[in-house]
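User: I'm new to this one, and I'd like a close look at a single part of it. Could you walk me through the salt bridges, both inside the chains and where the chains meet?

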Number of protein chains: 2
Amino acid sequence: MQVGKQTWRFPSRPRITGSATVVGAKEGEGPLGSWFDEVERDAYFGENSFEKAERIMFERAQRLAAKKANHSMEDVSHVIAGDLLAQNISASFSARTHSRPHLGVFSACATIMESFALGGLLIDSLNSEKVLVGASSHNSTAERTFRYPTEYGGQKPQTAHCTATAAGAAILEAKGDGPALTEATIGRVIDFGITNPWEMGAAMAPAAVDTLRVHLQATGRSVLDYDLIATGDLGRVGHPLARQMLLEQGIDPGHQFTDCGILLYNENQPEVFSGGSGPGCCTVVTLSYLLKKLKEGKNKRILVIATGALLSPLTVLQGDTIPCIAHAVTFEG
Amino acid sequence: MQVGKQTWRFPSRPRITGSATVVGAKEGEGPLGSWFDEVERDAYFGENSFEKAERIMFERAQRLAAKKANHSMEDVSHVIAGDLLAQNISASFSARTHSRPHLGVFSACATIMESFALGGLLIDSLNSEKVLVGASSHNSTAERTFRYPTEYGGQKPQTAHCTATAAGAAILEAKGDGPALTEATIGRVIDFGITNPWEMGAAMAPAAVDTLRVHLQATGRSVLDYDLIATGDLGRVGHPLARQMLLEQGIDPGHQFTDCGILLYNENQPEVFSGGSGPGCCTVVTLSYLLKKLKEGKNKRILVIATGALLSPLTVLQGDTIPCIAHAVTFEG
């Protein structure tokens, strides 16, 4: 059901009947470590390349999510998944073993909320019975795709992000126990002209602000109607910028305004820079810590605004600016 | 409305109220040349890189599709688009100027039918008013991504495909004149263990066969209920293989079984090898030639099974097999 031009409301309240998170060692050592289902100390996940490691991690999260929803992967009617690697290989290759009807999606680090939005729509419109949504990233695959191989040990500015080694998946169904997915706001591509790939927080902040503003307008709510509003991975540089831009537009995001990239790591962990990023970051923070707060009744309604920088290594080399996007999803307890 | 496990039926019959195709010189010289809206002789489309050329071509197709549907891009409620380049940059960057709510999708060369399937669902479930779906590819961006820069002039085996320089877009609406989108079958990821990236037709054939079989089962139809069944880009190697596999499964695909990759070029054009490929190939063949036959009443019902090889340059280097997918969409006059 359309509410405003960019927002869908799901009157049937699709439920998250199961979800799972698998992360790397560094994420396990962060403040949310105990909330994740599996922490893997081996960056290779027993494989011989980081790319194969990422897809194994993603597969483990998918199987565990299905299991926690009391299903097998074979019961899943649609998979909606994506990642950050060229040609979405983590999502596609992890889909080989279970071979379910597959919809590949891409919104960079905002991928999980595009998946949730479409998954909610499939359930709400009675076009699927059990949708699996998911996203993944791996620090070492992202580093060698976008920057330098981790083995090289290149230095980074403090505005950089640390791509999370993290994969998460959730099962959506029309009925069952679990938090409900009640709305989704599909973001627009917004480009403020930033060309520096070390400034992704600043580049993505305007997209997050635009999506939050549009979401509040469409739903007729204020930020106080949410117990928590989390951006995806703006980090310690981009998040204050987003707050400032919101204040300038007359929206006080208040104390409940936080960021998954900030939540994922302790500030004093080595090389986390301005915070976590990667499609896995917002995914595992949402599916562990944020959903748990809903399940425990500590929060009644939260909004997660996943943010994505839609650049590629090649667009950076060609001197292009960084188009960004943010998709928001409302979860209710 | 679900019909079987993998197929959606759209009872409201979303209409294609406008569509547009923009192609390169080689595609313009092929047998379908006169059916395309724009043929651009300059491979750079006036830009200074092939990647920028591709996004300009894609933007032109999108604007023209909106115009032919008597809308401006600003009227479009959702864009669902994808391409073959790393991090989907042609779709994302072409979205900067119009900045509409954006859903990035990826199914390699099957992307356009994933876009159509989701677009049909958005219209049918009343969650969008005007959806733009589209996909693009450019020979020179694909060549330097997956093989060698075109300037290098590397030799290829006859089983190779020629990635089309082609972009297409269509506007879907609940009402209006134009062919209707009545069903979509979402494919599964299928991997027959082929590792040779010059054998993509053979790699993709099993996915096309699986999707056609599942589609016929779900709809209770036979191939004779379609005036035409076109695979995406199996080419002159993969298409006969698909025919043979279908016959072995007791399905005679008959004379109306064709392939967009074969249709796009004349066999005697230089360096077309086994036929066209790339997300743009199936897109522009469908949106020009195939839809025209529906509009003119020569065909009443057609099925297009877009095929995608979900590999990346890196998975080839790592010796991986090639997972493939095929999504089918029914169009009716």
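**Salt bridges, within and between chains**

Searching the whole structure, over all chains, turns up 34 salt bridges. Keep in mind that this is a predicted model. As background, side chains of opposite charge can pair when their charged atoms come close.

Let's start inside chain A. A:Arg144 and A:Glu51 join their side chains in a salt bridge, at 2.4 Å from N to O. That pair links distant parts of the chain, 93 residues apart: A:Arg144 belongs to helix H5 (residues 139-146) of chain A, and A:Glu51 to helix H2 (residues 50-68) of chain A. A:Arg144, at 34%, is partly exposed. Chain A also has a salt-bridge network, which links A:Arg9, A:Glu183 and A:Arg221.

Now over to chain B. Here B:Glu183 forms a salt bridge with B:Arg9, and their closest N and O atoms are 3.4 Å apart. This is another link between distant parts of the chain: B:Glu183 sits in strand S10 (residues 180-185) of chain B and B:Arg9 in strand S2 (residues 7-9) of chain B, 174 residues apart. B:Glu183 is buried, with 1% relative accessibility, whereas B:Arg9 is partly exposed at 26%.

Another pair in chain B is B:Arg41 with B:Glu29, whose closest N and O atoms are 3.5 Å apart. B:Arg41 lies in the loop between strand S4 (38-40) and H2 of chain B, and B:Glu29 in the loop between helix H1 (25-28) and S4 of chain B, so this bridge ties together parts that are 12 residues apart in sequence. B:Arg41 is exposed, with a relative accessible area of 55%.

That leaves the place where the chains meet. On chain B, 59 residues are in contact with 59 residues of chain A. The two chains bury about 4600 Å² between them, with 56% of that on carbon and sulfur atoms. Four salt bridges cross this interface. In one, A:Asp191 pairs with B:Arg96, with 2.9 Å between the closest N and O atoms. There are also 24 residue pairs in polar contact across the interface. Several elements give two or more residues to chain B's side, including helix H2 (50-68), helix H5 (139-146) and strand S15 (324-332) of chain B. H4(B) supplies the largest share, four residues. Sorted by class, that side of chain B has 26 nonpolar, 21 polar and 12 charged residues.

How values were computed. Residues are numbered from 1 along each chain as its sequence is written. Chains are lettered from A and ligands numbered from 1 in the order in which they are written. This is a predicted model: local features need pLDDT of at least 70, side-chain atom pairs count only at pLDDT 80 or more; totals for chains, interfaces and linings use all residues. Side-chain values use heavy atoms; hydrogens and water are left out. Contact means heavy atoms within 4.5 Å. Buried area is the accessible area (1.4 Å probe) that two parts lose on being put together, summed over both. A polar contact is a pair of N or O atoms within 3.5 Å; within protein, one must be able to donate a hydrogen and the other to accept it, and residues adjacent in sequence count only if both atoms are side-chain atoms. Ala, Val, Leu, Ile, Met, Phe, Trp, Tyr, Cys and Pro count as nonpolar, Asp, Glu, Lys and Arg as charged, and the others, Gly among them, as polar. Buried means under 20% relative accessible area, exposed over 50%, partly exposed in between (1.4 Å probe, protein chains only).
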